[in-house]
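Please read these notes with the model open beside you.

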Amino acid sequence: MTESLEPIHILLVEDDPGDVLMTQEAFEHHKIRNTLSVVSDGEQALQFLRREAPYEDAERPGLILLDLNLPRKDGREVLSEVKASPELRTIPVVVLTTSEAEEDILRSYDLHANAYVTKPVDFDRFIDVVRQIDNFFVTVVKLPR
């Protein structure tokens, strides 16, 4: 591929500060050019996506990395609302969570998640997974503008 890839804006919805830090470090470590915004609960995620206060100037993300176990409104509810919205449903959502429960995997795909990835506990493996997600959704997949 010789074309220049445009960076995309990624919204990370994650309440664990350690996982946020590891994701940010994965972006820095692999020189990922995409921009990353972070919100820490489901309510904030929906406010961000709908550009409600205090996120009126938020850039529409090209990809959402969504944890399932969130305060205020959990990731399943966020996923359901995103995929039910004509304005938001085209944004790819990757569920990135610690849950390996079959019911969470099935429910996420029933709600039209684009991918379900279990977070590795090993730091190096976590960084590799984030890099692979980024590589796939930026260089392999054609995203809507």
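1. Start at Pro 54, which is found in the loop that runs between α2 and β3. The model is a predicted one. The peptide bond leading from Ala 53 into Pro 54 is cis, and its omega is near 5 degrees. Most peptide bonds are trans, and most residues other than glycine have a negative phi.

2. Arg 51 belongs to the loop between α2 and β3 as well. Its phi is near 55 degrees, a positive value although the residue is not glycine. Arg 51 has a relative accessibility of 40% and therefore counts as partly exposed, given that the partly exposed class runs between the 20% limit for buried and the 50% limit for exposed.

3. A positive phi is also found at His 112, again a residue other than glycine, with a value near 75 degrees. His 112 sits in the loop between α4 (102-110) and β5 (115-118). Its relative accessible area is 53%, so His 112 is exposed.

4. How many aromatic pairs does the count give? The count comes to one. The partners are Phe 48 and Tyr 55, whose ring centres are 5.5 Å apart and whose planes make an angle of 55 degrees, and the pair is classed as tilted. Phe 48 has a relative accessible area of 7% and is therefore buried. Tyr 55 has 19% and is buried too, because the limit for buried is under 20%.

5. Is Lys 73 buried or exposed? With a relative accessible area of 14%, Lys 73 is buried. Its place in the chain is the loop between β3 and α3. The side chain of Lys 73 makes a polar contact with that of Glu 81, at 2.7 Å. Leaving aside residues up to four places away in sequence, Lys 73 touches Gly 42, Glu 43, Leu 46, Val 78 and Glu 81.

6. Next, look at β1. Five of its five residues are buried, so β1 is largely enclosed by the rest of the structure. His 9, Leu 11 and Val 13 point one way from the strand, while Ile 10 and Leu 12 point the other way; all are buried.

7. β1 has pairing partners in two strands named here. With β2 (residues 35-39), β1 runs parallel and is joined by five bridges; in this pairing Val 13 stands opposite Val 39. With β3, the pairing is also in the parallel sense, over four bridges, and Leu 12 has Leu 65 as its bridge partner there.

8. Which residues have the most contacts inside the largest nonpolar core? They are Val 13, Ile 64, Leu 66 and Val 82, in a core of 23 residues. At least two residues of this core come from each of β1 (9-13), α2 (42-50), β3 (63-66), α3 (75-84) and β4 (93-97). α2 gives the largest share, four residues.

9. Not counting residues up to four places away in sequence, Leu 66 is in contact with Val 13, Gly 75, Val 78, Leu 79, Val 93, Val 94, Val 95 and Leu 96.

Methods
Residues are numbered from 1 along each chain as its sequence is written. This is a predicted model: local features need pLDDT of at least 70, side-chain atom pairs count only at pLDDT 80 or more; totals for chains, interfaces and linings use all residues. Side-chain values use heavy atoms; hydrogens and water are left out. A nonpolar core is a set of buried Ala, Val, Leu, Ile, Met, Phe, Trp, Tyr and Cys residues joined through side-chain atoms within 4.5 Å. Buried means under 20% relative accessible area, exposed over 50%, partly exposed in between (1.4 Å probe, protein chains only). Contact means heavy atoms within 4.5 Å. Rings of Phe, Tyr and Trp (its six-membered ring) pair if their centres lie within 6.5 Å; planes under 30 degrees apart count as stacked, over 60 as edge-to-face and the rest as tilted. A polar contact is a pair of N or O atoms within 3.5 Å; within protein, one must be able to donate a hydrogen and the other to accept it, and residues adjacent in sequence count only if both atoms are side-chain atoms. Two strands pair if DSSP finds at least two bridges between them.
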